[in-house]
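Subject: Structure handover

Dear colleague,

Here is the structure we spoke about, with its sequence.

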Amino acid sequence: MPHPSKPNDSNPSDEKRKGTIKQVYQSIKDKDDGHSHARKFMMKDQLRLVFWETTAGCNLECVHCRRLDVAHEMMKSDLTTEQSKQLMDNIAAESKCILVLSGGEPLFRPDIYELAEYGHSIGLTMALATNGTLVTHEVAQKIVDAKIQRVSISLDGASAQTHDKFRNLPGSFESAMRGLKNLQALGMETQINSTIAKHNVHEVKQLYQNAIDLGVEALHIFMLVPVGCGVKIADDAMLEAEKYEEVLNWFYEISREGKIQTKATCAPHYFRIMRQRAKKEGITISPKTHGMAAMTKGCLAGQSICFISHKGEVFPCGYLPVEAGHVLKQPFTEIWNKSQVFTDLRDQDKLGGKCGVCEYKKVCEGCRARAFFDTQGDYMAEEPYCIYEPTSIKQALDGK
């Protein structure tokens, strides 16, 4: 297995230090149709994105998350400032990647601005994921001063009624909107993150229009995963596989409009759908035609991304509760390069069921967290929320 590029190598992630996230993505898209840059960007097992749960603390009690009393007790185990800086040093030693400061609610953490500025000083591209309700004018200025390049705000509904019910706090939608506008007033790049499930799937088109009207740089939709933040999501919140497919086909169509950056997350089927649709339309996929989706693939857990908990546990992603290591017990670089969990996830030959024989497995791989949940522990099993039947299975059933 090729070793990921180190900071002193010619590393495509160095591009990120030459401008904002938006500018870098645009330059890749424009340059030579993006093909050579796409190949570099997707170097095997190169660390591109780390989600760090900086604190378990939060001011909201969303239906898919922890109770506040539990969260506030857990935040006593947050990494200290010194431990956090050492962690960032270790991440930067592996890759000058994008580091997303998340939570909980990261703005709950008193030293969050100090940590953001430190990450920037050592060459990491810093981003912030917040619920937006705490972003006053003063907080927005602190975020800008801390050298954060982009802020994502979660809007889990196109209306206050839907969002506030999900967030368990009346007025949280309006507070988030104010926070978004406070950031935009200072020139901060913003994006909207929306978790799509039964409670808001009827509003996806309005979510898209809202994102355009608000003038954000990007809309990222997250297809609900049945586990997260240490809790099990109710089965009745999950979309049926057929509805999942319908939403992703719609998302492909809006991505082709080019009105806004779009990204389907925790939705590996999208990359199969994108290729099916492009083939039918006679279009060759490239960054110029399909944006950043042309440069990535479905499940990236443990391959290009990972998640670090508030107390230092390293997981493939925020939804797959299989620990790959602990940053207080071993260097992050050692975990990234030698963990058995990550080694498994990087070996497509270990995929089970129909995922293992699917002709789209190299661009999809299925959601490993959903497989883990469905089988009670096998993260290499087939994706349970996929209606696609691989060609090899169809041929076998037809007796060919």
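What share of the contacts in the protein with a separation of 6 or more comes from residues 24 or more positions apart? Such residues account for 71% of those contacts, where contact means heavy atoms within 4.5 Å.

Before the details, the basis. This is a predicted model, in which local features need pLDDT of at least 70 and side-chain atom pairs count only at pLDDT 80 or more, while totals for chains, interfaces and linings use all residues. Residues are numbered from 1 along each chain as its sequence is written, and side-chain values use heavy atoms, with hydrogens and water left out.

Overall

The protein has 17 helices and 12 strands; these are DSSP runs numbered from the N terminus (helices H or I, at least four residues; strands E, at least two). Of its 400 residues, 57% are buried. Buried means under 20% relative accessible area, exposed over 50% and partly exposed in between, with a 1.4 Å probe and protein chains only.

Helix H9

Helix H9 spans residues 204-214, and its buried residues are Val 204, Leu 207, Tyr 208, Asn 210, Ala 211 and Leu 214. They line one face of the helix, because down the axis of H9 they fall within an arc of 160 degrees (the arc is taken over the directions from the helix axis to the C-beta atoms). Lys 205 and Asp 213, on the other side of H9, are exposed. The cover over the buried residues of H9 includes helix H8 (172-184), strand S5 (189-196), strand S6 (218-223) and helix H10 (241-257).

As for H9 and H10, their axes come within 11 Å and cross at roughly 20 degrees. H9 is therefore roughly parallel to H10. For reference, axes are lines fitted to C-alpha atoms, for helices over the stretch in contact, with angles from 0 to 180 degrees between N-to-C directions. Angles under 35 degrees count as roughly parallel, over 145 as roughly antiparallel, 65 to 115 as roughly perpendicular and the rest as oblique. On the H9 side, Val 204, Lys 205 and Tyr 208 meet Trp 250, Ile 254 and Glu 257 of H10.

Helix H6

In helix H6 (residues 137-145), the residues Val 139, Ala 140 and Ile 143 are buried. Their arc around the axis is only 100 degrees, so they sit on the same side of H6. His 137 and Glu 138 are exposed on the face turned away from that buried side. Covering the buried residues of H6 are, among others, helix H5 (112-121), strand S3 (125-130), strand S4 (150-154) and H8. Lys 147 follows H6 and has a positive phi, near 70 degrees.

Helices H4 and H5

The axes of helix H4 (residues 81-94) and H5 come within 10 Å, crossing at roughly 25 degrees. H4 and H5 are therefore roughly parallel to each other. From H4, the contact involves Thr 81, Ser 84, Lys 85, Met 88 and Asp 89; from H5, Glu 114, Leu 115, Tyr 118 and Gly 119.

One residue pair

Asn 337 lies in helix H13 (residues 332-338). At 21% relative accessibility, Asn 337 counts as partly exposed. Asn 337 and Gln 303 are 34 residues apart in sequence, with a C-alpha to C-alpha distance of 9.9 Å.

Regards
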